[in-house]
Amino acid sequence: CVCVCVLCMLFVCVGVRSSEFWFGAMMDSQRRVSPSPSRGASSESGGGGRRAASFNTGLQSFAFILAFSFAVLEPVLVVGAQFGILHQVPEGHVGVYWRGGALTNTITSPGFHLKMPFITRYEPIQVTIQTDQVKDIPCGTKGGVMIFFEKIEVVNRLRKEYVYETILEYGVGYDRTWIYDKIHHEINQFCSSHTLQEVYIDKFDQIDETMKEAIQRDCTKYAPGIEIIGVRVTKPSIPKTIARNFEVMEEERTKVLIAMEKQKVVEKEAETQTKKAVTEAEKDAHVSKILMNQRLMEKESMKRQQEIENEIFLDREKSLTDAAFYRVLKEADANTLKLTPEYLELKFIEAIANNSKIFFGEKVPGMVLDQRLLGNFLSKVPLETHADL
């Protein structure tokens, strides 16, 4: 604060001297416009000398102030200078401070801040998402083949509320301990327990998740402020001879895959033909079933129609039979009442009377006269009538 006040006073002095110089220059210009006597001219020349001396003194003062500014203000006001008073914390960072080499618990937010020069040291710590790139990582596989990972990217973030604890335990280079060195260790652990085939092809897609889980597990235990968001692993570099073998193997695998695809195409075509034939057969069967059902329905309809006609005929014949039976029954009842012995004898007599020939004698054929009827008839005729006969 004292340094800032001194600088302000120096700037005020420079401003005052500059104002005096420019005011004197303006007065000289006005005197040149209005001429004066010779005595005045001598005094004017004396005043001009004094003004020239004052001008030289002002220039010297301004040069001194300018040099002092470059010498003092340049280390004081430069942004982020360790020995300056004013410093700036960038956006996405927080400021941490060491006083006499000891970390203080002061954490500042982005913006301009003041500190004690030569006593307090300042460092910006990023608390937003950042990507650390770990390059040229050698590792040996289970089979003893040495491979290299050219680049592994670790996306991480330091939580703002854990900045003091993390910096206190592991310093500003905390990521060296928990990201760079940890990646080297975990990659070697993974490679040493897997074969080249597994590392390069079979389980390559699992390396990023394995690395993330391993780093986050230890960070959660020992440095909880570090959050591992993701790990991106590039394909490792392997020896050329082995790479050529993999290329040949991949070519053969590609040929096998092509053959398998061709086989699948043939099978699909055969399956398509089979499905087409089955579909046609099902269609024909369905049509045949529909036609058969149609014929059956027609037959059922004809059968029903015939049954109805038979029922009508049966009912009609039954009605006629019942009528005939009733007629015969009534005729029989009528004949029972009508065919009395007297009626029969009357009819007999009428039948005999209608004959043109009558035979008399002792031996009349039995076929002509029924003796019983004749006896009955004669038994009822009076004796005188018999004599007449």
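In the predicted model, Trp-178 is buried, with a relative accessible area of 10%. The residue belongs to the buried set of helix α4, which also includes Tyr-174, Asp-175, Ile-179, Tyr-180 and Lys-182. Its aromatic partner is Tyr-170: the two rings form an edge-to-face pair, 5.5 Å centre to centre, with 90° between the planes. The two partners fall into separate accessibility classes because Tyr-170, at 25% relative accessibility, counts as partly exposed, whereas the 10% of Trp-178 places that residue among the buried ones, the limit for burial being under 20%. Ring pairs extend the arrangement to Tyr-222, so that Tyr-170, Trp-178 and Tyr-222 are linked into a cluster.

Helix α4 itself covers residues 174-192. Its 19 residues reach 26 Å from the first C-alpha to the last, close to the 27 Å expected at 1.5 Å a residue. An α-helix has 3.6 residues a turn, so residues three or four places apart point the same way. Charged side chains are also found over aromatic rings. In a second case, Lys-235 lies over the face of Phe-204, at 4.2 Å from the ring centre.

A search of the whole structure finds 3 aromatic pairs. One of them, formed by Tyr-97 and Tyr-122, is tilted, with 5.8 Å centre to centre and 35° between the planes. This pair links distant parts of the chain, 25 residues apart: Tyr-97 lies in strand β2 (residues 93-99) and Tyr-122 in strand β5 (residues 120-126). Both tyrosines, Tyr-97 and Tyr-122, are buried.

At the level of the whole chain, the model contains 10 helices and 8 strands. Of the 389 residues, 23% are buried. The accessible surface comes to about 27600 Å², and carbon and sulfur atoms account for 61% of this area. Among contacts with a separation of 6 or more, 67% are between residues 24 or more positions apart.

Methods
Residues are numbered from 1 along each chain as its sequence is written. This is a predicted model: local features need pLDDT of at least 70, side-chain atom pairs count only at pLDDT 80 or more; totals for chains, interfaces and linings use all residues. Side-chain values use heavy atoms; hydrogens and water are left out. Helices (H or I, at least four residues) and strands (E, at least two) are DSSP runs, numbered from the N terminus. Buried means under 20% relative accessible area, exposed over 50%, partly exposed in between (1.4 Å probe, protein chains only). Contact means heavy atoms within 4.5 Å. Accessible areas come from the Shrake-Rupley method with a 1.4 Å probe; for residues, only the protein chains shown count as cover. Rings of Phe, Tyr and Trp (its six-membered ring) pair if their centres lie within 6.5 Å; planes under 30 degrees apart count as stacked, over 60 as edge-to-face and the rest as tilted. A charge sits over a ring if NZ of Lys or CZ of Arg is within 6 Å of the ring centre and within 35 degrees of the ring normal. The expected span of a helix is 1.5 Å times one less than its number of residues.
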